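Work through the exercises below with the sequence and the model open. Try each task before reading its solution.

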Amino acid sequence: MEWTKEMRYRRLEEININEMDELKKKVENSEWRQSFHIQPETGLLNDPNGFCFFNGEYHLFYQWFPLGPVHGLKYWYHTKSSDLVTWENVGVGIKPEQYYDSHGAYSGSAIEHNDTLYLMYTGNTRDENWERHPYQVVALMNKQGRMTKPQQANITEIPSGYTDHFRDPKVWKSGDLFYAIIGAQRENLTGCAVLYKSDNLLDWTFLGEMKTGLQGFGYMWECPDYFEDHDHGVFIFSPQGIEKSGDEFQNIYQSGYLVGQKLDLETKEFAHGRFHELDRGFDFYAPQTTLAHDGRRILVGWMGLPEIEYPTDQDGWAHCLTLPRELTIKNEKLIQKPVVELQKLRKSKQVVEATLTNETRKFFNGVSFELICELKECDSTQFGIEIRASDDEHTSIMYDSIEKKIILDRSQSGQPVAKKYGEQRKCTITDDQIKFHLFVDVSSVEVFINDGEEVFTSRIFPKKESDEIRLFARGGSTTFYAEKWDI
Ligand code: FRU
(Lines give C-alpha, C1' and ligand atoms only; values in the text may rest on other atoms or scores of the structure.)
Protein backbone atom coordinates (compact mmCIF):
# COMPACT_ATOMS: atom_id res chain seq x y z
CA MET A 1 0.00 0.00 0.00
CA GLU A 2 1.23 3.47 -0.89
CA TRP A 3 1.10 5.82 2.13
CA THR A 4 0.32 9.30 0.81
CA LYS A 5 0.97 12.45 2.83
CA GLU A 6 -2.79 12.75 3.46
CA MET A 7 -2.85 9.25 4.94
CA ARG A 8 0.18 9.87 7.13
CA TYR A 9 -1.29 13.06 8.58
CA ARG A 10 -4.79 11.81 9.34
CA ARG A 11 -5.72 12.33 12.94
CA LEU A 12 -6.86 9.58 15.25
CA GLU A 13 -10.23 11.36 15.69
CA GLU A 14 -10.89 11.13 11.95
CA ILE A 15 -10.80 7.36 12.02
CA ASN A 16 -14.09 5.55 12.54
CA ILE A 17 -14.40 2.67 14.95
CA ASN A 18 -14.76 0.04 12.24
CA GLU A 19 -11.56 1.07 10.54
CA MET A 20 -9.68 0.97 13.84
CA ASP A 21 -11.23 -2.41 14.77
CA GLU A 22 -10.17 -3.86 11.47
CA LEU A 23 -6.63 -2.65 11.97
CA LYS A 24 -6.61 -4.03 15.53
CA LYS A 25 -7.75 -7.42 14.28
CA LYS A 26 -5.06 -7.49 11.64
CA VAL A 27 -2.44 -6.67 14.28
CA GLU A 28 -3.78 -9.25 16.76
CA ASN A 29 -3.46 -11.93 14.10
CA SER A 30 0.17 -11.12 13.47
CA GLU A 31 2.33 -14.13 14.24
CA TRP A 32 5.12 -11.86 15.50
CA ARG A 33 3.35 -10.13 18.39
CA GLN A 34 5.69 -9.97 21.36
CA SER A 35 4.85 -11.45 24.75
CA PHE A 36 6.87 -9.37 27.24
CA HIS A 37 8.00 -6.25 25.40
CA ILE A 38 6.24 -2.90 25.04
CA GLN A 39 4.69 -2.82 21.58
CA PRO A 40 2.01 -0.65 19.93
CA GLU A 41 -1.58 -1.90 19.78
CA THR A 42 -1.61 -0.74 16.17
CA GLY A 43 0.70 1.25 13.94
CA LEU A 44 4.28 2.26 14.50
CA LEU A 45 6.25 2.80 17.69
CA ASN A 46 9.59 4.57 17.73
CA ASP A 47 11.59 6.45 20.35
CA PRO A 48 10.99 6.00 24.10
CA ASN A 49 9.99 9.38 25.58
CA GLY A 50 9.37 10.90 29.00
CA PHE A 51 10.85 7.94 30.89
CA CYS A 52 10.63 8.70 34.62
CA PHE A 53 9.63 7.57 38.10
CA PHE A 54 6.79 9.81 39.25
CA ASN A 55 4.19 9.48 41.98
CA GLY A 56 5.27 5.93 42.88
CA GLU A 57 5.29 4.54 39.36
CA TYR A 58 7.45 4.35 36.27
CA HIS A 59 6.09 6.19 33.26
CA LEU A 60 7.33 5.42 29.80
CA PHE A 61 5.88 7.09 26.74
CA TYR A 62 6.77 6.38 23.15
CA GLN A 63 6.50 7.96 19.73
CA TRP A 64 3.40 6.55 18.09
CA PHE A 65 1.78 6.73 14.69
CA PRO A 66 -1.46 4.78 15.28
CA LEU A 67 -2.68 4.14 11.76
CA GLY A 68 -0.04 1.96 10.18
CA PRO A 69 3.60 0.87 10.07
CA VAL A 70 4.93 4.20 8.78
CA HIS A 71 6.21 7.48 10.19
CA GLY A 72 3.32 9.99 10.14
CA LEU A 73 1.59 12.26 12.62
CA LYS A 74 3.26 11.33 15.90
CA TYR A 75 1.50 11.06 19.27
CA TRP A 76 3.03 10.27 22.63
CA TYR A 77 1.58 6.97 23.84
CA HIS A 78 1.63 6.49 27.63
CA THR A 79 2.50 3.27 29.49
CA LYS A 80 3.20 2.84 33.20
CA SER A 81 4.52 0.21 35.56
CA SER A 82 5.20 -0.33 39.23
CA ASP A 83 8.15 -2.64 38.61
CA LEU A 84 9.71 -2.03 35.15
CA VAL A 85 8.42 -5.46 34.11
CA THR A 86 4.64 -5.34 33.65
CA TRP A 87 3.46 -2.31 31.73
CA GLU A 88 -0.07 -1.00 31.59
CA ASN A 89 -1.26 0.72 28.42
CA VAL A 90 -2.67 4.04 29.61
CA GLY A 91 -3.57 5.58 26.24
CA VAL A 92 -2.56 8.68 24.34
CA GLY A 93 -0.37 10.91 26.51
CA ILE A 94 0.24 13.91 24.25
CA LYS A 95 -1.90 14.69 21.20
CA PRO A 96 -0.47 16.83 18.40
CA GLU A 97 -3.22 19.42 18.17
CA GLN A 98 -1.80 22.93 18.60
CA TYR A 99 -0.14 25.33 16.16
CA TYR A 100 3.21 24.32 17.67
CA ASP A 101 2.88 20.54 17.19
CA SER A 102 0.51 20.35 14.21
CA HIS A 103 2.73 17.79 12.46
CA GLY A 104 3.73 15.68 15.41
CA ALA A 105 4.51 15.65 19.10
CA TYR A 106 8.11 14.58 18.64
CA SER A 107 10.56 13.16 21.16
CA GLY A 108 11.33 14.57 24.57
CA SER A 109 11.81 13.82 28.24
CA ALA A 110 10.22 14.27 31.65
CA ILE A 111 11.26 15.56 35.05
CA GLU A 112 9.40 15.99 38.32
CA HIS A 113 9.16 19.42 39.93
CA ASN A 114 6.75 20.67 42.62
CA ASP A 115 4.75 17.41 42.57
CA THR A 116 4.11 17.82 38.86
CA LEU A 117 5.64 16.03 35.90
CA TYR A 118 7.10 18.42 33.30
CA LEU A 119 7.29 16.87 29.85
CA MET A 120 9.50 18.77 27.44
CA TYR A 121 9.26 17.77 23.80
CA THR A 122 9.60 18.98 20.25
CA GLY A 123 6.51 20.21 18.45
CA ASN A 124 7.02 19.49 14.79
CA THR A 125 5.28 21.72 12.25
CA ARG A 126 5.30 22.06 8.48
CA ASP A 127 4.17 25.09 6.50
CA GLU A 128 2.38 25.13 3.13
CA ASN A 129 5.72 24.54 1.38
CA TRP A 130 6.34 21.60 3.69
CA GLU A 131 9.16 23.54 5.42
CA ARG A 132 9.78 22.24 8.89
CA HIS A 133 9.74 24.46 11.97
CA PRO A 134 10.34 22.89 15.37
CA TYR A 135 9.13 24.34 18.67
CA GLN A 136 10.12 23.14 22.13
CA VAL A 137 7.12 22.65 24.35
CA VAL A 138 6.54 21.88 28.03
CA ALA A 139 3.39 19.97 28.96
CA LEU A 140 2.43 19.24 32.57
CA MET A 141 1.01 16.06 34.02
CA ASN A 142 -0.48 16.10 37.52
CA LYS A 143 -0.60 13.19 39.95
CA GLN A 144 -4.01 12.16 38.64
CA GLY A 145 -2.43 11.76 35.21
CA ARG A 146 -4.17 14.77 33.67
CA MET A 147 -2.07 16.39 30.96
CA THR A 148 -2.12 20.13 30.29
CA LYS A 149 -0.47 21.67 27.27
CA PRO A 150 0.62 25.31 27.08
CA GLN A 151 -1.07 28.00 24.96
CA GLN A 152 2.30 28.98 23.53
CA ALA A 153 5.45 27.01 22.83
CA ASN A 154 8.26 27.50 25.36
CA ILE A 155 11.12 27.83 22.88
CA THR A 156 9.97 29.27 19.59
CA GLU A 157 13.14 30.11 17.68
CA ILE A 158 16.13 28.16 16.46
CA PRO A 159 19.31 29.97 17.50
CA SER A 160 21.31 31.30 14.58
CA GLY A 161 23.84 28.90 13.11
CA TYR A 162 21.52 25.86 13.17
CA THR A 163 19.06 24.33 10.70
CA ASP A 164 15.47 23.27 11.36
CA HIS A 165 16.77 19.84 12.46
CA PHE A 166 16.60 20.88 16.08
CA ARG A 167 14.78 18.53 18.44
CA ASP A 168 14.50 15.98 21.27
CA PRO A 169 15.11 17.94 24.50
CA LYS A 170 16.35 15.99 27.51
CA VAL A 171 16.02 17.80 30.83
CA TRP A 172 17.93 17.40 34.09
CA LYS A 173 18.50 19.34 37.26
CA SER A 174 21.84 20.58 38.57
CA GLY A 175 21.86 22.58 41.79
CA ASP A 176 18.80 24.83 41.68
CA LEU A 177 18.70 25.08 37.91
CA PHE A 178 17.31 22.98 35.13
CA TYR A 179 19.21 22.22 31.94
CA ALA A 180 18.06 20.88 28.60
CA ILE A 181 20.19 19.36 25.87
CA ILE A 182 18.79 19.42 22.33
CA GLY A 183 19.93 17.54 19.21
CA ALA A 184 20.87 19.87 16.38
CA GLN A 185 22.40 20.32 12.97
CA ARG A 186 24.78 23.18 12.27
CA GLU A 187 24.33 25.24 9.11
CA ASN A 188 27.39 23.47 7.72
CA LEU A 189 25.33 20.25 7.98
CA THR A 190 27.22 18.62 10.84
CA GLY A 191 25.56 17.26 13.97
CA CYS A 192 25.91 18.63 17.48
CA ALA A 193 23.98 19.23 20.72
CA VAL A 194 23.07 22.56 22.32
CA LEU A 195 22.29 23.57 25.89
CA TYR A 196 19.59 25.67 27.55
CA LYS A 197 18.97 26.58 31.17
CA SER A 198 15.91 27.54 33.19
CA ASP A 199 14.96 28.18 36.80
CA ASN A 200 11.30 27.17 36.38
CA LEU A 201 11.31 24.66 33.48
CA LEU A 202 9.10 27.03 31.43
CA ASP A 203 11.35 29.96 30.47
CA TRP A 204 14.54 28.84 28.78
CA THR A 205 17.80 30.66 28.01
CA PHE A 206 20.08 29.49 25.21
CA LEU A 207 23.57 28.76 26.50
CA GLY A 208 25.28 27.59 23.31
CA GLU A 209 26.72 24.41 21.92
CA MET A 210 28.11 21.63 24.03
CA LYS A 211 31.84 21.51 23.19
CA THR A 212 32.93 17.96 22.46
CA GLY A 213 35.89 16.52 20.61
CA LEU A 214 33.60 15.33 17.83
CA GLN A 215 33.44 18.14 15.31
CA GLY A 216 32.49 16.50 12.00
CA PHE A 217 30.71 13.45 13.41
CA GLY A 218 27.68 12.84 11.20
CA TYR A 219 25.08 15.30 9.92
CA MET A 220 22.53 15.21 12.76
CA TRP A 221 22.53 14.13 16.41
CA GLU A 222 19.15 12.86 17.51
CA CYS A 223 17.90 12.10 21.00
CA PRO A 224 20.71 13.41 23.22
CA ASP A 225 20.78 12.38 26.87
CA TYR A 226 23.18 13.58 29.55
CA PHE A 227 23.60 12.28 33.09
CA GLU A 228 26.20 12.08 35.82
CA ASP A 229 27.42 9.10 37.77
CA HIS A 230 29.83 9.82 40.64
CA ASP A 231 32.65 11.82 38.99
CA HIS A 232 31.67 11.03 35.43
CA GLY A 233 29.52 12.72 32.85
CA VAL A 234 27.88 10.47 30.28
CA PHE A 235 26.50 11.75 27.00
CA ILE A 236 24.32 9.41 24.93
CA PHE A 237 23.12 10.35 21.45
CA SER A 238 22.10 8.95 18.08
CA PRO A 239 24.25 10.41 15.33
CA GLN A 240 23.21 10.05 11.70
CA GLY A 241 25.70 9.89 8.86
CA ILE A 242 28.55 7.88 10.39
CA GLU A 243 30.45 5.63 7.97
CA LYS A 244 30.99 1.93 8.67
CA SER A 245 34.34 1.15 10.22
CA GLY A 246 35.50 -2.43 10.80
CA ASP A 247 32.81 -4.16 12.83
CA GLU A 248 31.32 -0.87 13.98
CA PHE A 249 28.55 1.38 12.69
CA GLN A 250 26.95 -1.27 10.48
CA ASN A 251 23.35 -0.12 10.92
CA ILE A 252 21.73 2.67 8.92
CA TYR A 253 22.05 5.02 11.94
CA GLN A 254 24.08 4.75 15.11
CA SER A 255 23.48 5.13 18.77
CA GLY A 256 26.27 5.47 21.28
CA TYR A 257 27.90 7.32 24.13
CA LEU A 258 30.84 9.28 25.43
CA VAL A 259 32.07 8.88 28.99
CA GLY A 260 34.00 11.82 30.36
CA GLN A 261 34.40 14.29 33.15
CA LYS A 262 31.32 16.15 34.27
CA LEU A 263 30.07 18.65 31.72
CA ASP A 264 31.26 22.13 32.66
CA LEU A 265 28.03 24.10 32.61
CA GLU A 266 29.87 27.44 32.55
CA THR A 267 32.23 26.79 29.64
CA LYS A 268 29.99 24.05 28.10
CA GLU A 269 33.09 21.93 27.71
CA PHE A 270 32.76 18.17 27.86
CA ALA A 271 36.10 16.32 28.07
CA HIS A 272 35.50 12.73 27.06
CA GLY A 273 36.89 9.45 25.74
CA ARG A 274 36.03 7.74 22.47
CA PHE A 275 32.57 7.12 21.05
CA HIS A 276 31.25 3.63 21.82
CA GLU A 277 28.23 2.02 20.25
CA LEU A 278 25.64 1.19 22.88
CA ASP A 279 24.45 -1.94 21.18
CA ARG A 280 26.09 -4.27 18.67
CA GLY A 281 22.93 -5.81 17.21
CA PHE A 282 20.82 -4.98 14.17
CA ASP A 283 17.94 -3.04 15.71
CA PHE A 284 18.61 -0.39 18.30
CA TYR A 285 18.16 3.39 18.25
CA ALA A 286 17.22 6.55 20.15
CA PRO A 287 17.57 5.25 23.75
CA GLN A 288 16.61 7.30 26.79
CA THR A 289 17.63 6.95 30.44
CA THR A 290 16.10 7.80 33.77
CA LEU A 291 16.84 7.27 37.44
CA ALA A 292 15.05 4.41 39.17
CA HIS A 293 13.40 5.03 42.55
CA ASP A 294 16.52 3.60 44.22
CA GLY A 295 19.06 5.59 42.21
CA ARG A 296 19.94 3.11 39.49
CA ARG A 297 20.37 4.57 36.00
CA ILE A 298 18.02 2.73 33.62
CA LEU A 299 18.05 2.78 29.82
CA VAL A 300 15.36 1.80 27.32
CA GLY A 301 15.82 1.95 23.55
CA TRP A 302 13.76 1.66 20.42
CA MET A 303 14.21 -1.87 19.03
CA GLY A 304 14.08 -0.61 15.46
CA LEU A 305 15.57 1.88 13.07
CA PRO A 306 14.24 4.60 10.79
CA GLU A 307 13.83 3.96 7.07
CA ILE A 308 13.95 0.16 7.30
CA GLU A 309 11.08 -2.12 6.31
CA TYR A 310 10.12 -4.89 8.71
CA PRO A 311 8.05 -8.03 8.08
CA THR A 312 5.34 -6.91 10.54
CA ASP A 313 4.55 -3.95 8.27
CA GLN A 314 2.17 -6.22 6.37
CA ASP A 315 0.30 -6.84 9.65
CA GLY A 316 -0.29 -3.15 10.38
CA TRP A 317 2.28 -2.59 13.13
CA ALA A 318 6.00 -2.06 13.61
CA HIS A 319 8.57 -2.14 16.42
CA CYS A 320 8.82 -2.49 20.16
CA LEU A 321 10.96 -1.11 22.97
CA THR A 322 13.94 -2.94 24.45
CA LEU A 323 13.91 -4.35 27.96
CA PRO A 324 15.10 -1.87 30.60
CA ARG A 325 18.84 -2.09 31.32
CA GLU A 326 20.77 -0.90 34.32
CA LEU A 327 23.82 1.20 33.43
CA THR A 328 27.05 1.45 35.40
CA ILE A 329 30.50 2.66 34.43
CA LYS A 330 33.58 0.43 34.41
CA ASN A 331 36.92 1.42 32.89
CA GLU A 332 35.34 4.41 31.13
CA LYS A 333 32.78 2.16 29.44
CA LEU A 334 29.11 1.61 30.12
CA ILE A 335 28.12 -1.79 31.46
CA GLN A 336 24.52 -2.67 30.64
CA LYS A 337 22.64 -5.33 32.59
CA PRO A 338 19.01 -6.36 32.32
CA VAL A 339 17.27 -4.89 35.39
CA VAL A 340 17.01 -7.47 38.20
CA GLU A 341 13.24 -7.01 38.30
CA LEU A 342 13.06 -9.02 35.06
CA GLN A 343 13.60 -12.17 37.14
CA LYS A 344 9.91 -11.87 37.98
CA LEU A 345 9.19 -13.10 34.48
CA ARG A 346 10.87 -16.43 35.17
CA LYS A 347 8.55 -19.43 35.04
CA SER A 348 9.61 -23.09 34.85
CA LYS A 349 13.34 -23.71 34.87
CA GLN A 350 15.53 -26.27 33.14
CA VAL A 351 19.26 -26.78 33.62
CA VAL A 352 21.81 -28.66 31.59
CA GLU A 353 25.51 -29.34 31.77
CA ALA A 354 27.03 -30.96 28.70
CA THR A 355 30.25 -31.37 26.78
CA LEU A 356 29.96 -31.03 23.03
CA THR A 357 32.67 -31.98 20.57
CA ASN A 358 32.28 -30.85 16.96
CA GLU A 359 28.52 -31.08 17.13
CA THR A 360 25.28 -29.19 17.48
CA ARG A 361 22.72 -30.58 19.91
CA LYS A 362 19.23 -29.58 20.90
CA PHE A 363 18.59 -29.16 24.63
CA PHE A 364 15.41 -27.13 25.06
CA ASN A 365 12.43 -25.71 23.22
CA GLY A 366 10.94 -22.25 23.50
CA VAL A 367 9.99 -19.05 21.72
CA SER A 368 9.79 -16.81 24.77
CA PHE A 369 12.47 -17.46 27.38
CA GLU A 370 15.54 -16.36 29.30
CA LEU A 371 18.76 -18.34 28.91
CA ILE A 372 22.05 -18.00 30.74
CA CYS A 373 24.86 -20.03 29.27
CA GLU A 374 28.31 -20.23 30.77
CA LEU A 375 31.36 -22.22 29.78
CA LYS A 376 33.08 -24.57 32.14
CA GLU A 377 35.84 -25.64 29.83
CA CYS A 378 36.59 -24.75 26.32
CA ASP A 379 39.11 -25.75 23.68
CA SER A 380 36.99 -25.37 20.58
CA THR A 381 37.50 -22.66 17.99
CA GLN A 382 33.82 -21.74 17.88
CA PHE A 383 30.99 -22.34 20.29
CA GLY A 384 27.60 -20.90 20.83
CA ILE A 385 23.84 -21.12 20.80
CA GLU A 386 21.21 -21.51 18.14
CA ILE A 387 17.76 -20.22 19.03
CA ARG A 388 14.45 -20.32 17.17
CA ALA A 389 15.89 -23.30 15.30
CA SER A 390 14.33 -25.90 13.01
CA ASP A 391 15.44 -27.78 9.89
CA ASP A 392 15.72 -24.62 7.86
CA GLU A 393 15.92 -21.75 10.33
CA HIS A 394 18.04 -20.64 13.24
CA THR A 395 19.57 -17.51 14.75
CA SER A 396 23.05 -18.05 16.12
CA ILE A 397 25.12 -16.26 18.67
CA MET A 398 28.64 -17.56 19.06
CA TYR A 399 32.19 -16.86 20.09
CA ASP A 400 35.03 -17.39 17.67
CA SER A 401 38.16 -17.90 19.74
CA ILE A 402 40.50 -17.34 16.80
CA GLU A 403 38.94 -14.04 15.73
CA LYS A 404 38.20 -13.32 19.41
CA LYS A 405 34.80 -12.09 18.39
CA ILE A 406 31.19 -12.55 19.32
CA ILE A 407 29.13 -13.06 16.17
CA LEU A 408 25.38 -12.71 15.86
CA ASP A 409 24.10 -14.21 12.63
CA ARG A 410 20.56 -13.71 11.41
CA SER A 411 21.05 -14.96 7.84
CA GLN A 412 18.89 -18.02 8.66
CA SER A 413 16.50 -16.28 11.06
CA GLY A 414 13.39 -16.47 8.89
CA GLN A 415 11.87 -13.50 7.07
CA PRO A 416 14.76 -11.25 6.02
CA VAL A 417 15.18 -7.69 7.34
CA ALA A 418 17.43 -4.93 5.97
CA LYS A 419 19.64 -7.47 4.20
CA LYS A 420 21.58 -4.74 2.49
CA TYR A 421 23.06 -3.78 5.87
CA GLY A 422 24.47 -7.28 6.30
CA GLU A 423 23.36 -10.39 8.16
CA GLN A 424 26.07 -10.64 10.79
CA ARG A 425 27.13 -8.35 13.59
CA LYS A 426 30.48 -8.86 15.30
CA CYS A 427 32.37 -7.41 18.17
CA THR A 428 35.73 -8.16 19.73
CA ILE A 429 35.86 -9.58 23.24
CA THR A 430 39.35 -10.17 24.56
CA ASP A 431 38.32 -12.13 27.61
CA ASP A 432 38.17 -15.87 26.75
CA GLN A 433 35.73 -16.44 29.57
CA ILE A 434 32.36 -16.00 27.82
CA LYS A 435 28.92 -15.78 29.35
CA PHE A 436 25.80 -15.39 27.22
CA HIS A 437 22.61 -14.04 28.77
CA LEU A 438 19.66 -14.06 26.38
CA PHE A 439 16.12 -12.75 26.49
CA VAL A 440 14.20 -14.17 23.57
CA ASP A 441 10.68 -13.03 22.73
CA VAL A 442 8.44 -14.07 19.83
CA SER A 443 10.26 -11.78 17.38
CA SER A 444 13.35 -10.49 19.16
CA VAL A 445 16.55 -11.42 20.91
CA GLU A 446 18.61 -9.39 23.37
CA VAL A 447 21.98 -10.92 24.19
CA PHE A 448 24.04 -9.60 27.09
CA ILE A 449 27.68 -10.68 26.89
CA ASN A 450 29.86 -11.11 30.00
CA ASP A 451 27.48 -9.42 32.41
CA GLY A 452 26.81 -6.42 30.26
CA GLU A 453 30.18 -5.70 28.60
CA GLU A 454 28.35 -5.69 25.25
CA VAL A 455 24.75 -6.16 24.15
CA PHE A 456 23.34 -7.38 20.85
CA THR A 457 19.70 -6.46 20.26
CA SER A 458 17.82 -7.65 17.20
CA ARG A 459 14.43 -8.38 15.78
CA ILE A 460 14.05 -11.81 14.16
CA PHE A 461 11.09 -13.17 12.23
CA PRO A 462 11.14 -16.97 12.27
CA LYS A 463 8.24 -19.39 11.86
CA LYS A 464 6.31 -20.32 15.02
CA GLU A 465 7.50 -23.90 14.59
CA SER A 466 11.16 -22.93 14.82
CA ASP A 467 11.45 -23.33 18.56
CA GLU A 468 14.54 -25.44 19.24
CA ILE A 469 17.34 -24.19 21.44
CA ARG A 470 20.65 -25.81 20.57
CA LEU A 471 24.24 -25.55 21.71
CA PHE A 472 27.22 -26.18 19.48
CA ALA A 473 30.99 -26.53 19.50
CA ARG A 474 33.18 -26.57 16.39
CA GLY A 475 36.88 -27.31 16.13
CA GLY A 476 37.10 -29.02 19.51
CA SER A 477 35.12 -29.43 22.72
CA THR A 478 33.23 -27.12 24.99
CA THR A 479 31.53 -27.85 28.28
CA PHE A 480 28.45 -25.70 28.77
CA TYR A 481 26.37 -24.98 31.82
CA ALA A 482 23.01 -23.55 30.80
CA GLU A 483 19.95 -22.42 32.73
CA LYS A 484 16.74 -21.65 30.91
CA TRP A 485 13.47 -20.19 32.17
CA ASP A 486 10.25 -20.02 30.24
CA ILE A 487 8.74 -16.58 30.15
C1 FRU B 1 14.40 9.65 16.20
C2 FRU B 1 13.42 10.75 15.75
C3 FRU B 1 13.56 11.98 16.62
C4 FRU B 1 12.20 12.62 16.46
C5 FRU B 1 11.29 11.42 16.41
C6 FRU B 1 10.09 11.59 15.55
O7 FRU B 1 13.98 8.40 15.81
O8 FRU B 1 13.62 11.05 14.39
O9 FRU B 1 14.64 12.82 16.27
O10 FRU B 1 11.91 13.48 17.52
O11 FRU B 1 12.07 10.35 15.94
O12 FRU B 1 9.25 10.49 15.67
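The exercises treat the ligand site and then the strand pairing of this predicted model.

**Exercise 1. Which residues are around the ligand, and how do they divide into nonpolar, polar and charged?**

Solution. 
1. List the shell: Asn 46, Asp 47, Gln 63, Lys 74, Tyr 106, Ser 107, Arg 167, Asp 168, Glu 222, Tyr 285 and Trp 302.
2. Sort the residues by class: five are charged, three are polar and three are nonpolar.
3. At least two shell residues come from each of strand 1 (43-54), strand 5 (105-113) and strand 9 (162-174).

**Exercise 2. Find side chains with a polar atom close enough to a ligand oxygen to count as a polar contact, using the 3.5 Å cut-off.**

Solution. 
1. Start with Asp 168: a side-chain N or O atom is 2.5 Å from an oxygen atom of the ligand.
2. For Asp 47, the distance from a polar side-chain atom to a ligand oxygen is 2.8 Å.
3. For Lys 74, the corresponding distance is 2.9 Å.
4. Now consider the ligand as a whole: of the 320 Å² of accessible area it has on its own, the protein covers 91%.
5. Locate the site: the ligand sits in the largest pocket.

**Exercise 3. What is the strand order of the open sheet of four strands, and which are its edge strands?**

Solution. 
1. Trace the order, 13-14-15-16, with antiparallel pairing.
2. Look for strands that pair on one side only: these are strand 13 (220-229) and strand 16 (276-277).
3. Strand 15 (residues 256-261) is joined to strand 16 by two bridges, and Gly 256 has Glu 277 as its bridge partner.

**Exercise 4. Describe the open sheet of five strands.**

Solution. 
1. The order is 4-3-2-1-19, and the pairing is mixed.
2. Strand 4 (88-94) and strand 19 (317-318) are the edges.

**Exercise 5. How many residues lie between strand 11 and strand 12 in their hairpin?**

Solution. 
1. Confirm the pairing: strand 11 (residues 191-198) and strand 12 (residues 205-209) share four bridges and are antiparallel.
2. Take a reference pair, Val 194 opposite Glu 209.
3. Six residues separate the two strands.
4. Inspect the turn: Leu 201 has a positive phi of about 75°.

Definitions and conventions
Residues numbered from 1 in each chain as written. Predicted model: local features only at pLDDT ≥ 70, side-chain atom pairs only at ≥ 80, totals over all residues. Heavy atoms only, no water. Near = heavy atom within 4 Å. Polar contact = N/O pair within 3.5 Å; in protein donor to acceptor, adjacent residues only side chain to side chain. Areas by Shrake-Rupley, 256 points an atom, 1.4 Å probe, with all protein chains shown as cover. 1 Å grid on protein atoms, 1.4 Å probe; cavity = no way out; pocket = protein on both sides within 12 Å on 5 of 7 lines; lining within 4 Å. Sits in = over half its atoms within 2 Å of the grid points. Nonpolar A, V, L, I, M, F, W, Y, C, P; charged D, E, K, R; others polar. Pairing = 2+ DSSP bridges.
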